[in-house]
Each structure stands twice: as C-alpha cells, then as structure tokens.
Amino acid sequence: MMSFVAKYITVHAVILGLLLPQAIPCNVTGVWRNELGSVLDIEVVGSELRGRYQSAVETAPGVTGPKQQAKLLGVTGNRGLQTSVAFSVLWEAGSCSSWVGQCFQLPDGMRVLKTLWMLRSVASCPADNWKSTRMGEDTFVFIS
Ligand SMILES: *[C@@H]1O[C@H](CO)[C@@H](O)[C@H](O)[C@H]1NC(C)=O
C-alpha cells in the first residue's frame, strides 16, 4: 500500500516537473531587433544597461546620428526572473527617446523585450510643445 502511494506521488511529481516552465532568468545582454529592423546592442553590468541603438528609421535624414546610431543608457531590475528595463537614447539633432518594458524568457527558448517608447523632438517655442512628443510600442526579439 505504501509503495503504491509512493509510486503515485513520484509519477505525478515527474509529470508536474515536466509541465512546469523552467525557471530561466531573462538575460538582457545581447543583440536585439525590433519590428522595424532597428538593432539594439546591450550589455548589462549590475543594474545598469549600456549599449548602442541602430535605428532603422528617422524623422529626417541625419537626425539620429552617424550611421543612424546613438549611445544608449539605462537600468534593469534583477529581482525575479523576467527582468524590467528602462533605457534612453540622445539623438544627434537633440531629440531623445526612452523605452520602458520587460524581458520575457519564453518556454520555447525565445527571448522578447516588450516595450513602450516616447520620442521627444525639440520644440522651437512653447506653442509647439503639444506636437513634440510621439509614443509607440516596440517588441525586440533576441538575435544573439
Ligand atoms: C547574460 O548573457 C551574457 C552573454 O551571453 C553572459 O556573458 C552573462 O554571464 C549572462 N548573465 C547572466 C546573469 O546569466
């Protein structure tokens, strides 16, 4: 009787173990690409995040930076497995962007960074303030 109960528990523990998602932390370090083809190259050091942002788009030629690249600075949370991120980029022409989001490690081994962003363009006078901030959504997929 005891051995039947023990076997029953063991079998169910094994099945449950196979079905539960593996606890792998979402590592933000690496190269990521979003739906527009913009490429994010990030290195995480402690809770800080540094790297380069290669933009696939710009509002006017040359405003992002040389080769449409600019430096990126941010922070990342390391409490829990799916890490939160916040990072910013200052573009060549003086506009700046910030993204906030979270890195998700998916059960199939894929990693995605789901973010919302805001882009601030420089308004020449207070009257133009209303039209100087854009916002949107970016999903980055881990490349390497
Ligand atoms: C994240 O990935 C990088 C690059 O593969 C690796 O060097 C680093 O050790 C990883 N960090 C953690 C916490 O696993």
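1. Start with a turn. Strands β1 and β2 form a hairpin with five residues between them, and Gly 37 in that turn has a positive phi of about 100°. Strands here are DSSP runs of E, at least two residues long; helices are runs of H or I, at least four long; both are numbered from the N terminus. β1 and β2 pair in the antiparallel sense over four bridges. Pairing requires that DSSP finds at least two bridges between two strands. Arg 33 has Val 39 of β2 as its bridge partner.

2. A word on the model. It is predicted: local features need pLDDT of at least 70, side-chain atom pairs count only at pLDDT 80 or more, and totals for chains, interfaces and linings use all residues. Residues are numbered from 1 along each chain as its sequence is written.

3. Overall layout. The protein has one helix and eight strands. From the N terminus on, the order is α-β-β-β-β-β-β-β-β. The eight strands make a closed barrel, β1-β2-β3-β4-β5-β6-β7-β8, with antiparallel pairing. The twist averages 30° from one strand to the next. Axes for this are lines fitted to C-alpha atoms, for helices over the stretch in contact, and angles run from 0 to 180 degrees between N-to-C directions.

4. The β2–β3 hairpin. Strand β3 covers residues 48-54 and runs antiparallel to β2, joined by seven bridges. Asp 41 stands opposite Arg 52 in β3. Two residues lie between these strands, and Gly 46 takes a positive phi near 65° in this hairpin.

5. The two faces of β2. Strand β2 spans residues 39-45; Leu 40, Ile 42 and Val 44 form its covered face, while Val 39, Asp 41, Glu 43 and Val 45 form the uncovered one.

6. β1 (residues 30-33) pairs with β8 (residues 133-142) in the antiparallel sense over two bridges. Here Trp 32 stands opposite Phe 142 in β8. On the β7 side, β8 pairs antiparallel with residues 111-120 over nine bridges. Val 112 stands opposite Val 141 in β8.

7. Gly 30. This residue is found in strand β1. Gly 30 counts as partly exposed because 17 other C-beta atoms lie within 10 Å. The scale is this: buried means 20 or more other C-beta atoms within 10 Å of the residue's own, exposed means 12 or fewer, and partly exposed is in between, with C-beta atoms placed from the backbone. Gly 30 touches Ile 42, Phe 142 and Ser 144, leaving aside residues up to four places away in sequence. A contact needs C-beta atoms, placed from the backbone, within 7 Å. Gly 51 is 21 residues from Gly 30 in sequence and 9.4 Å away, C-alpha to C-alpha.

8. Of the 144 residues, 19% count as buried. The largest nonpolar core has 18 residues, of which Val 28, Trp 32, Ile 42, Leu 49 and Val 85 touch the most other members. β2, β3, β5, β6 and β8 each supply at least two residues of this core. Such a core is a set of buried Ala, Val, Leu, Ile, Met, Phe, Trp, Tyr and Cys residues joined through C-beta atoms within 7 Å.

9. Val 85 and β5. Contacts of Val 85 include Val 28, Leu 49, Gly 101 and Leu 113, not counting residues up to four places away in sequence. β5 and β6 pair antiparallel over seven bridges. There, Trp 99 in β6 is the bridge partner of Phe 87.

Note on methods:
Two residues are in contact if their C-beta atoms, placed from the backbone, lie within 7 Å.
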